[in-house]
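Hello,

Here is the structure I said I would pass on. My notes follow below it.

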Protein chains: 2
Amino acid sequence: MPRPIVAIDWGTSSLRGARLDAHGAVLDERASLQGILNVPPGGFEAVFNAQFGDWLSASGALCLISGMAGSRQGWREAPYCACPSGASDIAAALAWVAPGRIAIVPGLSCERDGAPDVMRGEETQIFGALDMLGIDEALFVLPGTHSKWADVRGGRVVRFSTAMTGETYALLRHHSILARTLPSEDGPLNGAEFDAGVQRALRSTSLLQTAFTVRTLALFERSTPEALASYLSGLVIGEELRAQGPLSGRRVHVIGNDTLTQRYQRALARAGVEGVAVGAQATWRGLWNIARSLPD
Amino acid sequence: MPRPIVAIDWGTSSLRGARLDAHGAVLDERASLQGILNVPPGGFEAVFNAQFGDWLSASGALCLISGMAGSRQGWREAPYCACPSGASDIAAALAWVAPGRIAIVPGLSCERDGAPDVMRGEETQIFGALDMLGIDEALFVLPGTHSKWADVRGGRVVRFSTAMTGETYALLRHHSILARTLPSEDGPLNGAEFDAGVQRALRSTSLLQTAFTVRTLALFERSTPEALASYLSGLVIGEELRAQGPLSGRRVHVIGNDTLTQRYQRALARAGVEGVAVGAQATWRGLWNIARSLPD
């Protein structure tokens, strides 16, 4: 009989957990701001026990932890699994903190044009999404500070790449000369301006050039500060899409929060690509999927 | 008989001037940190007189001022001249502060794919370089915080574009996650690492992706912090070159300080392009060239 699962997502700035029944259904959820940057040196076990100790005492529960808890700065370093890797490869490479009871999920690495690329946590969301959708082949994007694009074939991530999209947007938005032109707070998205940014990015060659149009459009009073914030978001996300090479005719599965997912679906539509939203339960389902892949 | 010229380059953070004889030879130079950001409201005339009043009292001297002094935040707004524009077009559009004696040189604007682009100060360096080199057709790059690429035909700038290269480098270098990987101060350039960055950028599609390799190469200990600073510089400058589209077989004239010029010549060589350095006297020669273009 399958064991109940305690599923943990321990990231840089937050710590979330869910108690799952033997069929993967979520029984209970908890969240705190005790991301790995907020845990004192040597304090991981104490934080973990305080948050989830009662769940673990449930008879025979297995706990799997994904995210930055497996990084060099985390609880226990879980070396990256090289691509191609699927849920069973990950399951075979778990870093056990308490043998048979608590393990950390390794991230993935791949080699692109002579340089490594890495993800930690997104692999679990991908394996969850595959299970939720009942598919074993797809192109995924996981938008964020560092967006990940991952190509899955036969249930394994065969290659992926990172784009520093969210971070670059924040740098340009708040720390570059463009910040002088933009309102201090983002308002609601202006769809037409966002689309204009996406479309300019898609027909351009580099954000180094297109970003400057935020300044010149303001200088010539052809746009407003509020509109330009949406336009810049479109420029940066459009740049990420353009960087993927030809996508036309493909279907892209988008894993992320609702706001980002809607924005990416909108941008993908401008590029002639169908963007399919994957629900937010992907992490719990991914950890459950990895647990099921463990040998009995 | 031609008039002596007082040539002024009044930028954002510095104020420089030169006294030229009727043949354009530099007789004397002065510089201060009183860029337009350091001038109190309404204080431009006083700062100007304190710095250069004695030069102006020379019999019949004509003073031309290029740079941000002509911006909305400057001494007197000098509206942009639309491309194509040459030295005589600029001369016909001077913004006179003291009629017949002191004038501000307008910048240039052009329209690219439905958005404006602008320069202020670089046009003067370009017209100076054309005069120094005795040519009327060339492709120029003026590297900097916001690099300018300008195409000159028949002595007129027919089009140009801006790349936010220097600013983007500074943001990534000091304010992004990559800063954790890099030394706090730049050391001497590591040529091989710089070249590796340029070459990766030239065969890539976006800096959003290539920049992340600075982090992963450090994570896998395939490079050192010092080497990665040079590598990142190569990535960003290489991205600027790639964004220009095919350059192979062209000759590019580089106008800038020695350090930047050498770095761009090195990067251009990686792209199979000859980079010709233009000396630092381009601004004075440009102002002299514009003055000569004035009707008597």
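In chain B, strands S5, S9 and S10 form an open sheet of 3 strands in the order S5-S9-S10, with mixed pairing. Strands here are DSSP E runs of at least two residues and helices are H or I runs of at least four, numbered from the N terminus; two strands pair if DSSP finds at least two bridges between them. The edge strands, each pairing on one side only, are S5 (81-82) and S10 of chain B. Strand S9 (residues 108-112) of chain B pairs with S10(B) in the antiparallel sense over 5 bridges, and Ser109(B) stands opposite Val118(B) in S10(B).

The model is predicted: local features need pLDDT of at least 70, side-chain atom pairs count only at pLDDT 80 or more, and totals for chains, interfaces and linings use all residues. Residues are numbered from 1 along each chain as its sequence is written, while chains are lettered from A and ligands numbered from 1 in the order in which they are written.

On the interface: 35 residues of chain B are in contact (C-beta atoms, placed from the backbone, within 7 Å) with 35 residues of chain A. Among the elements of chain B that each supply at least two residues of the side touching chain A are strand S10 (115-119) and helix H8 (225-243).

Chain B superposes on chain A by a rotation of 180 degrees with 0.0 Å of shift along its axis (RMSD 0.0 Å), fitted by least squares on the C-alpha atoms of residues with pLDDT of at least 70 in both. The two copies are thus related as by a two-fold rotation axis. Because 100% of the interface residues of chain B are also interface residues in chain A, the copies meet through the same surface.

Regards

Note on methods. Two residues are in contact if their C-beta atoms, placed from the backbone, lie within 7 Å.
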